[in-house]
Amino acid sequence: MKKVRDFLRSQGYPPGELHDLPTSQKRFPDGAQYRIEIPSTEGPRALAAVLEEAERYGVVIHRVSQGSGIWMLTDEEIREMCRLGAEARIEVSLFVGPRAAWGTSAQARSSAGANLGARLRGMDEVVHATEDVIRGCSLGIRSILVADEGQLWLVNEMKKAGELPADLVVKISVQMGAANPISVKLLEDMGAGTYNVPTDLTLPQMAAIRAAIDIPLDVYVEAPDDFGGFVRHYETPELIRVAAPLYVKLGLRNSPNIYPSGFHIEETAIKLSRERAHRTALVMNIIERYASDAVMGAVGAADLGIPVL
């Protein structure tokens, strides 16, 4: 194995997992080591509930993300999410629309092929999902989630050509699945703005990825059941130390999959959003007790992704 490890070193990659857990010296532009993200914020009422609960618990939220897709929201709903996000100075990130699991793909519905569910199947799905991005940007959105390398490349090229806003944040979904430093570095080179690592990576694995890349990592410290259901609250201080800059991401164990969301399950989505804000308060208590010197992003400090009104 020495030959391979030596070659990796020569290319600037760690030769293996970093079991010594070096402290990351990398930071957000404002000097912060971490920010807070609430996922699965499915619409303006859910976003309003997150903001209300965050105020109640006295916690700062830097980003909310949504999973159903831009295409599942009306223009009015998107504008309202932009308004709420802009007023609260938080990033609102919306997933792209059509994807394999919601189309006619039989493989994406099989047990062996489920990992293909968020990918784009065929060029028409690439076009449709990118039209979703164009629509979202036209309504004020400046942060999107993608889970397909082809669309990542296309969006980045359209940004460079001036066809999409230059300040558009391209956040990579946990469903992309890249789980080693080389794979994640390739996505960074293709235009990824932040990367959501798989939920089951160890601290040494996370440290190796951090050594290879500069973009923020999005890290579930509590994962939904269909992504493993891990509750890693007490690991949060070490994750911040080792993997900064990162978004501490609060999913929710023991909760239903609500994608695509809608009025028929809106009350459930809102309750889940409130509980994610509660979970944030629990994790912040751990950070304050065991990593009081960790630097959090200031209110409104997100340098990108603030909705445009």
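Biologist: Is W102 buried, exposed or partly exposed in this structure, and why?

Modeller: This is a predicted model, so read everything here as computed. The general idea is a cut-off: under 20% relative accessible area is buried and over 50% is exposed, with partly exposed in between. W102 comes out at 28%, so W102 counts as partly exposed.

Biologist: And which ring does W102 pair with?

Modeller: First, the search of the whole structure finds three aromatic pairs. To read a pair, check the angle: planes under 30 degrees apart count as stacked, over 60 as edge-to-face. F28 and Y247 are edge-to-face, with 80° between the planes and 5.4 Å centre to centre. Your tryptophan is in a stacked pair with W71, at 6.0 Å centre to centre and 15° between the planes.

Biologist: Which charged residue sits over the ring of W102?

Modeller: That's R99, whose charged end is 4.2 Å from the ring centre of W102. R99 also lies over the face of F95, at 4.1 Å from that ring's centre.

Biologist: Back to F28 and Y247: what does that pair tie together?

Modeller: F28 lies in the loop between α1 (2-10) and β1 (34-38), and Y247 in strand β8 (residues 246-250), so the pair joins parts 219 residues apart in sequence. Both F28 and Y247 are buried.

Biologist: How do I read the largest nonpolar core, and which members touch the most others?

Modeller: Think of buried nonpolar residues joined through their side chains. This core has 75 residues, and Y34, Y195, L217, L246 and V248 touch the most other members. Helix α7 (residues 203-212) supplies the largest share, six residues. Take V248: beyond its sequence neighbours up to four places away, V248 touches residues including Y34, I36, V219, V221, I240 and V283.

Biologist: Is R142 buried or exposed?

Modeller: R142 has a relative accessible area of 13%, so R142 is buried. You'll find R142 in the loop between α4 (123-138) and β4 (143-146). A polar atom of the R142 side chain lies 3.0 Å from the backbone oxygen of C137.

Biologist: What else does R142 touch?

Modeller: Leaving out residues up to four places away in sequence, the contacts of R142 include P165, D167, L168, V169, G305, I306 and V308, along with C137.

Definitions and conventions: Residues are numbered from 1 along each chain as its sequence is written. This is a predicted model: local features need pLDDT of at least 70, side-chain atom pairs count only at pLDDT 80 or more; totals for chains, interfaces and linings use all residues. Side-chain values use heavy atoms; hydrogens and water are left out. Helices (H or I, at least four residues) and strands (E, at least two) are DSSP runs, numbered from the N terminus. Buried means under 20% relative accessible area, exposed over 50%, partly exposed in between (1.4 Å probe, protein chains only). A polar contact is a pair of N or O atoms within 3.5 Å; within protein, one must be able to donate a hydrogen and the other to accept it, and residues adjacent in sequence count only if both atoms are side-chain atoms. Contact means heavy atoms within 4.5 Å. A nonpolar core is a set of buried Ala, Val, Leu, Ile, Met, Phe, Trp, Tyr and Cys residues joined through side-chain atoms within 4.5 Å. Rings of Phe, Tyr and Trp (its six-membered ring) pair if their centres lie within 6.5 Å; planes under 30 degrees apart count as stacked, over 60 as edge-to-face and the rest as tilted. A charge sits over a ring if NZ of Lys or CZ of Arg is within 6 Å of the ring centre and within 35 degrees of the ring normal.
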